[in-house]
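Please look over the model below before reading on. The points that follow are numbered and can be read in order.

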Amino acid sequence: MYRDKKLAEIYETSPLFSIIVPVYNVEDYLGKCIDSVMQQSVSNFELLLIDNESTDSSRDICMHWAKSDARIKVFSQKKKGPAATKNTGLQHATGTYVVF
């Protein structure tokens, strides 16, 4: 598929997309959001869920999903707001492309 073997190895071992989802008190919508991402036709991605000190069960939902699929990673940070939450995701992203 790829002419360059080195390039092929990179794409086969690293996620093509890093999907960053900031999470803060969204327990009512989070499962649907994660399920939607997981149902995509492209499977070469990592899903980074960045919990921003949620006070509801959002973090528990994130952890439940992370246990079921190795592509899902959960990170927590002190409540800093949406921009800082996205920056935390960027620090952990390993994909060729980043999506919010």
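Predicted model: local features only at pLDDT ≥ 70, side-chain atom pairs only at ≥ 80, totals over all residues.

1. Is Val98 buried, partly exposed or exposed? Val98 is partly exposed, because its relative accessible area is 36%; buried means under 20%, exposed over 50% and partly exposed in between, with a 1.4 Å probe and protein chains only. Val98 belongs to strand E4. Not counting residues up to four places away in sequence, Val98 touches Ser18, Ile20, Leu90 and Ala93, where contact means heavy atoms within 4.5 Å.

2. Residues are numbered from 1 along each chain as its sequence is written, and side-chain values use heavy atoms, with hydrogens and water left out.

3. On the overall layout: the protein has 4 helices and 4 strands, in the order α-β-α-β-α-β-α-β along the sequence. Helices (H or I, at least four residues) and strands (E, at least two) are DSSP runs, numbered from the N terminus. Of the 100 residues, 32% count as buried. Among contacts with a separation of 6 or more, 81% come from residues 24 or more positions apart.

4. On strand E1: 5 of the 7 residues of E1 are buried, and the strand is mostly covered. E1 pairs with E2 in the parallel sense over 7 bridges, with Ile20 opposite Leu48 in E2. Strand E4 (residues 97–99) also pairs with E1 in the parallel sense, over 3 bridges, and here Ile19 stands opposite Val99. Two strands count as paired if DSSP finds at least two bridges between them.

5. On the crossover: E1, H2 and E2 form a right-handed β-α-β unit. Right-handed means that, with the strands pointing away from the viewer, the path from the first strand over the helix to the second runs clockwise.

6. On helix H2: its 12 residues, 27–38, reach 17 Å from the first C-alpha to the last, close to the 16 Å expected at 1.5 Å a residue; the expected span is 1.5 Å times one less than the number of residues. Leu30, Ile34, Val37 and Met38 are buried in H2. They lie on the same side of H2 because they cover an arc of only 95° around the axis, taken from the directions from the helix axis to the C-beta atoms. Asp28, Tyr29 and Lys32, on the other side of H2, are exposed. The cover over the buried residues of H2 includes strands E1 (17–23), E2 (45–51) and E3 (72–76) and helix H3 (58–68).

7. On the aromatic pair: the structure holds 1 such pair. The ring centres of Phe17 and Tyr97 are 5.9 Å apart and the planes are at 35°, so the pair is tilted. Rings of Phe, Tyr and Trp (its six-membered ring) pair if their centres lie within 6.5 Å; planes under 30 degrees apart count as stacked, over 60 as edge-to-face and the rest as tilted. The pair links distant parts of the chain, with Phe17 in E1 and Tyr97 in E4, 80 residues apart.
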